[in-house]
Amino acid sequence: MDPFDSLLLVAAAAEGNIAEIQRLIPLTNPKNGDSAALRYAVANGNIDCVKLLLPVSDPQALNSQILRDAVENNQIECLKILLPLTNPKSQDSGALYDACVNINHLCIELLVDESDAYRVLDKLQKNHPNEPLYQEYLQKALIDRQRDRLLDAVKDTTKRQGVNKIRRL
């Protein structure tokens with residue numbers, strides 16, 4: 001394995017060059033450099049490259065730093081692909097924290113259920129007491145989730161009561 005090939009793989013991933021990635025994968029170890037090629041593909045939103053590199057890379061390298069890369073670069077589709085393969089609670093739910101600081105409500109929506117949202121909210125209040133907007137989208141997402149869960153519980157209860165009424169007849 002030539003170290004230069006690993007650099008070429010990273011460059012190809014950053015540029016979205018599928019043919020070059022396909023050529024280089026057998027010649028390199030895509031996990032080198034904490035899966036740098038995958039991280040560059042994500043940061044640049046090269047979805048096809050991400051899909052090609054995922055099976056041969058480690059999306060959990062650097063405690064799922066790749067999630068933060070996706071959030072910081074507003075790569076929503078990459079974030080959707082990565083969520084089931086990573087640990088959003090790693091780095092103290094850092095990806096959700098970054099989404100709040102960048103006021104990225106789409107990323108917040110995707111991450112809120114998978115992260116430790118209340119810990120992030122506390123951290124935002126401590127680190128940014130004069131920036132209530134950082135907290136606003138996260139608070140709204142948490143309220144929306146609670147409302148949705150309550151509505152689902154009411155629907156389930158109503159459905160069960162309807163079944164019980166039918167059984168009594």
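1. Let's start just past helix H5, where asparagine 74 takes a positive phi of about 55 degrees. Helices here are DSSP runs of H or I with at least four residues, strands are runs of E with at least two, and both are numbered from the N terminus. Please keep in mind that this is a predicted model, in which local features need pLDDT of at least 70 and side-chain atom pairs count only at pLDDT 80 or more, while totals for chains, interfaces and linings use all residues. Residues are numbered from 1 along each chain as its sequence is written, and side-chain values use heavy atoms, with hydrogens and water left out.

2. Helix H5 itself covers residues 61-72. Its end C-alpha atoms are 17 Å apart, which agrees with the 16 Å that its twelve residues should span at 1.5 Å a residue. The expected span is 1.5 Å times one less than the number of residues in the helix.

3. Is H5 enclosed or open to the outside? Nine of its twelve residues are buried, so H5 is largely enclosed by the rest of the structure. Buried means under 20% relative accessible area, exposed means over 50%, and partly exposed lies in between, using a 1.4 Å probe and protein chains only. The buried residues of H5 are Ala61, Ser64, Gln65, Ile66, Leu67, Arg68, Asp69, Ala70 and Val71. Their cover includes helices H3 (32-43), H6 (76-82), H7 (90-101) and H8 (105-111).

4. Leaving aside neighbours within four places in sequence, arginine 68 is in contact (heavy atoms within 4.5 Å) with Gln91, Gly94, Ala95 and Asp98. Leucine 62 also lies in H5, but leucine 62 is partly exposed, with a relative accessible area of 39%. Leucine 62 has a positive phi of about 55 degrees although it is not a glycine.

5. Nine of the twelve are buried, so H7 is largely enclosed by the rest of the structure. These are Ser90, Ser93, Gly94, Ala95, Leu96, Tyr97, Asp98, Ala99 and Cys100. After H7 comes isoleucine 103, with a positive phi near 50 degrees.

6. Within H7 you will find serine 93, which is buried with a relative accessible area of 1%. Not counting residues up to four places away in sequence, serine 93 touches Pro88, Ser115, Asp116 and Val120.

7. How many cavities of 30 Å³ or more does a search of the whole structure find? The search finds one. The largest cavity holds about 30 Å³ of space, and H5 and H7 are the elements that give two or more residues to its lining. Its lining residues are Asn63, Ser64, Leu67, Arg68, Asn87, Pro88, Ser90, Gln91, Gly94 and Ala95. A cavity is a set of points, on a 1 Å grid over the protein atoms alone, where a 1.4 Å probe fits but cannot get out; lining residues have an atom within 4 Å of a point. Grid points are joined across faces, edges and corners, and the volume is the space filled by probe spheres set on the points.

8. Now for the core. The largest nonpolar core has 42 residues, and those touching the most other members are Ile21, Val42, Leu53, Leu79, Leu96, Leu111 and Leu138. Such a core is a set of buried Ala, Val, Leu, Ile, Met, Phe, Trp, Tyr and Cys residues joined through side-chain atoms within 4.5 Å. Valine 42 touches Val50, Ile66, Asp69, Ala70, Gln75, Cys78 and Leu82, setting aside residues up to four places away in sequence.

9. Aspartate 34 lies in H3, is partly exposed at 38% relative accessible area, and has a positive phi near 55 degrees. Glutamine 22, in helix H2 (residues 18-24), is partly exposed at 48%. Glutamine 22 and leucine 53 are 31 residues apart in sequence and 9.2 Å apart in space, C-alpha to C-alpha. Leucine 7 sits in helix H1 (residues 3-15) and counts as exposed at 57% relative accessibility. Leucine 7 and glutamate 136 are 129 residues apart in sequence and 41 Å apart in space, C-alpha to C-alpha.

Methods. 1 Å grid on protein atoms, 1.4 Å probe; cavity = no way out; pocket = protein on both sides within 12 Å on 5 of 7 lines; lining within 4 Å.
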